[in-house]
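Look at the model first, then read on.

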Amino acid sequence: MAKGIDELQVLHALDVARTQRYHAWAVVIAGMGFFADAYDIFCVTLVTKLLGRIYYHVPGQQVPGMLPRRIEAAINGVTFCGMIVGQLLFGWLGDKVGRKMFYGKTIMLMIMGSFLSGLSFGNTADGVMATLCFFRFWLGVGIGGDYPLSATIISEYSNKRTRGSLIAAVFAMEGFGILAGCIVTLVVSATFQARFNPPAYDEDHMASVPPQADYVWRIILMVGAIPAVFTYRWRVMMPETARYTALVARDAEKAARDMSKVLKVELSGEQDKIEGFTKDRDYGVFSRRFARRHGWHLVGAVASWFVLDIVFYSQIILQEEIFRDIKWIPEANSMSALEEAYRVARAQAIIALCGTLPGYWFTIAFVDVVGRKAIQFLGFTMMKGLMLVVAGFYHQLTQPGRRIWLVVMYAFTFFFANFGPNSTTFIIPAEVFPAHVRTTCHGISSAAGKVGAIVGTFGFLYASQRADGSNERETGYPSGIGVRASLFVLAACNVLGIIFTCLLPEPNGRSLEEVSGEPINGEDADLGDSKVLPL
C-alpha cells in the first residue's frame with residue numbers, strides 16, 4: 001500500500017502477522033479439500049482400462065475389452081464440465097454472499113459424488129457408465145467450487161510475507177492426492193490379485209477378469225470421500241475472512257471481532273473508515289472500470305491457465321503411450337485385468353514421486369523469494385525446452401538402454417509444470433483482483449483452465465495415437481499425429497504461456513489492497529507494475 005495512506009487496523013494486523021498456528025490450521029482445512037480433489041480427478045484414469053475389461057469384453061476377441069471412445073471421453077470430460085460449472089457458480093457466490101457460506105457445501109458435493117460414483121448402477125454396461133458420469137458431474141461441481149473459495153480464503157487469511165507459500169501449500173496437497181490414488185489402486189488391485197490369482201488374458205479370456213474385479217474400481221473411487229469427510233466440520237467452523245467482512249459486507253466491527261479471536265490480539269473495528277475504503281466498489285467484472293484497471297490481468301490469468309491445462313492434461317494422456325513405448329507396461333493381453341491396473345498405478349506413482357511432488361514443494365520454498373512471475377516464466381520455458389528435446393530425439397530415446405533418459409526428462413516436465421505455472425496460475429488470481437470480485441475472477445480463470453483441460457484431454461487423446469495406425473486395434477482410436485509431433489505442438493503452447501505471463505502483475509511482498517489497486521479513503525492505490533487499459 002502506498003506510503004502514508006491509512007489502512008484498517010484489522011487488515012494491517014493480518015498483513016504483518018507472523019506465520020502461526022491459525023495459518024497452518026487454514027492450510028490443512030483447505031489443503032485436505034485439494035487432496036480429495038486431486039484423488040477424485042486422477043483416480044478414474046487408473047481404472048478406465050479395468051472398466052473396459054469388465055463391461056466391454058467381446059467373447060472370442062484376441063485383445064481385452066476396452067471402453068468405447070465415446071464412453072471414455074464422457075467419463076473423462078464430464079468431471080471437467082462439472083468443475084467449470086462449480087468454478088463459475090461458487091466463484092460468483094463467493095463474492096455475493098461470502099467465502100464461508102458455501103465452503104462446507106462444496107465439500108458435501110465432493111463427498112456425495114465420490115461415494116455415489118462407487119455405487120454406479122444399471123442394467124447394461126452403458127447404463128452403469130451413464131450413472132457414473134452423472135455422479136462424477138456433481139463431484140466436479142463440488143471440486144470446481146473448491147478452487148476459487150479455497151484460494152481466496154487462504155489469500156485473505158495470510159500475511160503478505162508468506163502469502164504465496166501458504167496458497168502454494170494448499171495446492172501442493174494435490175500432489176499427495178495423486179500419489180494417494182496410485183497407492184490405493186496398488187493396494188486394492190494387489191490384494192484382489194493375490195486373493196483370486198486370475199490368469200493372463202492370453203491364457204483364459206474370461207478368467208482373466210474375475211467377478212470380484214467389479215469391486216476394485218468401486219472401492220478406489222469411494223475412498224476419495226474419506227478425506228473430504230474429515231474436512232467438513234472444520235470448514236463450517238471457520239470464520240468469514242476479514243477482507244470480505246470489512247471490504248465487501250462493510251462490517252468492520254465484526255471483522256475485528258473475528259480476527260481478534262484468530263490472532264489473539266485486541267483489534268478495533270474502525271467502522272468510521274469503511275466508507276472511504278468501500279467508495280466506488282460497486283463495479284462488476286464486465287464493467288468499463290474493471291476493464292480499464294484489471295482487463296489485461298484477467299486476460300493474462302485466463303489465457304495462462306488455459307494454455308497450462310492444455311499442456312498439463314495432455315502430458316497425462318501421453319503417459320500411457322510413452323509407458324507402452326518404453327515397455328514399462330506390457331501388452332494388455334499378457335496380463336490379467338488386476339495386474340494391468342497395478343502396473344498402470346505403479347508407473348504413475350513413480351512419475352508422481354520423482355516429478356510431481358518435488359515440483360509443488362519447490363514452489364512453496366521459493367514463491368515468496370523469487371516471485372510468482374519468475375516461477376511461471378521458468379516453468380513454461382523449461383517445459384518448452386524439455387518437450388523439444390524429447391520430441392527431437394524421441395525414437396532414439398525409446399530404444400533399450402536409453403529409455404531411462406526419456407523417463408527422466410518426462411518426469412522433469414512434470415517437475416517444472418508444478419514448480420511453475422500449474423502452481424502459480426492458482427496463486428496469482430487469488431491476489432491481483434479487488435476483494436469484491438476476487439472469487440469471481442479466480443473462478444473465471446480456473447474455468448478457462450478446465451476448458452483447456454478438455455482440449456488437452458480429448459484433442460491429444462486422438463492426436464497422440466501412432467500416425468501409421470498400428471495401435472488402432474489395441475486402443476480403439478484411429479491414427480493421429482503420434483507422440484513426437486504432439487510434443488512439438490505442446491512446446492508451442494508453452495511459448496504462448498510465456499507471452500501471456502507478461503500481462504500479469506507481480507504480487508510478491510505486497511498487500512492484497514496494494515496489488516489490486518483498491519481505493520483507500522476515496523483514492524486509488526498505486527497499481528505498481530500493473531497494466532491499465534486506456535479506455
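Helix H3 gives the most residues to the lining of the second largest pocket: three. The model is predicted, so to speak of local features takes pLDDT of at least 70, side-chain atom pairs count only at pLDDT 80 or more, and totals for chains, interfaces and linings use all residues. Residues are numbered from 1 along each chain as its sequence is written, and side-chain values use heavy atoms, without hydrogens and water.

The pocket holds about 290 Å³ of space. Its lining has 16 residues, and the closest to the centre are Lys96, Tyr283, Gly284, His436 and Val437. Helices H3 (69–96), H9 (242–248) and H18 (438–463) each give two or more residues to this lining. A pocket is an open set of 1 Å grid points where a 1.4 Å probe fits, with protein on both sides within 12 Å along at least five of seven lines; lining residues have an atom within 4 Å of a point. Helices are DSSP runs (H or I) of at least four residues.

| Class in the pocket lining | Residues |
|---|---|
| nonpolar | eight |
| polar | three |
| charged | five |

Elsewhere, Met108, Met112, Tyr232, Trp234, Val236 and Met237 make a nonpolar surface patch of about 530 Å². Patch residues have over 30% relative accessible area and no salt bridge, and nonpolar side chains are joined within 5 Å. Helices H4 (103–117) and H8 (225–237) each give two or more residues to the patch. H8 gives the most, with four. Trp234 lies in H8.

Note on methods: Grid points are joined across faces, edges and corners, and a volume is the space filled by probe spheres set on the points. Ala, Val, Leu, Ile, Met, Phe, Trp, Tyr, Cys and Pro count as nonpolar, Asp, Glu, Lys and Arg as charged, and the others, Gly among them, as polar. Patches are made of residues with over 30% relative accessible area and no salt bridge: like charges are joined within 9 Å, nonpolar side chains (Val, Leu, Ile, Met, Phe, Trp, Tyr) within 5 Å. Accessible areas come from the Shrake-Rupley method with a 1.4 Å probe; for residues, only the protein chains shown count as cover. A salt bridge is a side-chain nitrogen of Lys or Arg within 4 Å of a carboxyl oxygen of Asp or Glu.
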